[in-house]
Amino acid sequence: MFDATDPMFAGHFPGNPIVPGVIITEALAQTAGIAAASGYPETARPVFLLSAIRTMKFLQAVRPGEQIELRAEKIGATETLFQFKVEARVNGAVVAEGQLVLSVTTGFASGPE
């Protein structure tokens with residue numbers, strides 16, 4: 001749930017705030033990552049990165065203060081890729097749906113020290 005005073009609403013859209021689709025997509029990708037990680041031992045979970053947005057449809061605007069229910073269902077996998085069917089609901093109505101692909105990595109390259 002997002003508060004109407006969140007800075008992202010200042011420009012999205014003034015006087016008519018809606019949750020940006022990119023925020024909903026990111027939340028769904030994180031939900032898929034949690035689902036993917038649940039198949040690994042807690043001490044050996046890889047990092048999952050969003051690799052592809054196969055499809056994403058936004059069926060209804062989400063407003064500040066509305067509670068979003070997120071779902072992710074694995075529909076395919078290889079050794080290094082996981083494909084998920086995802087959906088977001090508000091009050092039982094689907095507001096966004098699509099398919100996301102996550103890639104598996106064991107970590108990130110070291111950055112500057």
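User: Buried means under 20% relative accessible area, exposed over 50%, and partly exposed in between (1.4 Å probe, protein chains only). Is Glu69 buried, partly exposed or exposed?

Analyst: A heads-up: this is a predicted model, where local features need pLDDT of at least 70, side-chain atom pairs count only at pLDDT 80 or more, and totals for chains, interfaces and linings use all residues. Residues are numbered from 1 along each chain as its sequence is written, and side-chain values use heavy atoms, with hydrogens and water left out. Glu69 has a relative accessible area of 38%.

User: Give me the overall layout: in what order do the elements run?

Analyst: Helices (H or I, at least four residues) and strands (E, at least two) are DSSP runs, numbered from the N terminus. The protein has one helix and four strands, and its C-alpha trace spans about 45 × 40 × 25 Å along the principal axes. Reading from the N terminus, the order is α-β-β-β-β.

User: How many bridges join strand 2 to strand 3?

Analyst: Two strands pair if DSSP finds at least two bridges between them. Strand 2 and strand 3 form a hairpin with three residues between them, and Gly76 stands opposite Gln83 in strand 3. These strands run antiparallel, and the bridge count is eight.

User: Moving on to the hairpin of strand 3 and strand 4, which residue takes a positive phi?

Analyst: Strand 3 and strand 4 are antiparallel too, joined by ten bridges, and Arg89 has Val94 as its bridge partner in strand 4. Two residues lie between the strands of this hairpin. The residue with a positive phi, near 50 degrees, is Asn91.

User: What is the bridge partner of Ala52 in strand 4?

Analyst: Strand 1 and strand 4 pair in the antiparallel sense, over ten bridges. Within strand 4, the partner of Ala52 is Val101.

User: Let's talk charges. How many salt bridges are there?

Analyst: Side chains of opposite charge can pair when their charged atoms come close. The cut-off for a salt bridge is a side-chain nitrogen of Lys or Arg within 4 Å of a carboxyl oxygen of Asp or Glu. By that rule the count is three.

User: How far apart are the closest N and O atoms of Arg71 and Glu87?

Analyst: Arg71 is partly exposed at 38% relative accessible area, whereas Glu87 is buried at 13%. Arg71 forms a salt bridge with Glu87, with the closest N and O atoms at 3.3 Å. The pair links distant parts of the chain, with Arg71 in strand 2 (residues 69–77) and Glu87 in strand 3 (residues 81–90), 16 residues apart. So the bridge passes the 4 Å limit, with a closest N and O distance of 3.3 Å.

User: Which residues end up in one network through shared partners?

Analyst: Arg71 also forms a salt bridge with Glu69, with the closest N and O atoms 2.6 Å apart. Arg89 forms one with Glu87, with its closest N and O atoms 2.6 Å apart as well. Salt bridges that share partners make one network of Glu69, Arg71, Glu87 and Arg89.

User: What kind of aromatic pair do Phe48 and Phe82 form?

Analyst: Rings of Phe, Tyr and Trp (its six-membered ring) pair if their centres lie within 6.5 Å; planes under 30 degrees apart count as stacked, over 60 as edge-to-face and the rest as tilted. The whole structure has two aromatic pairs. Phe48 and Phe82 are 5.6 Å centre to centre with 80 degrees between the planes, and both are buried. That makes the pair edge-to-face.
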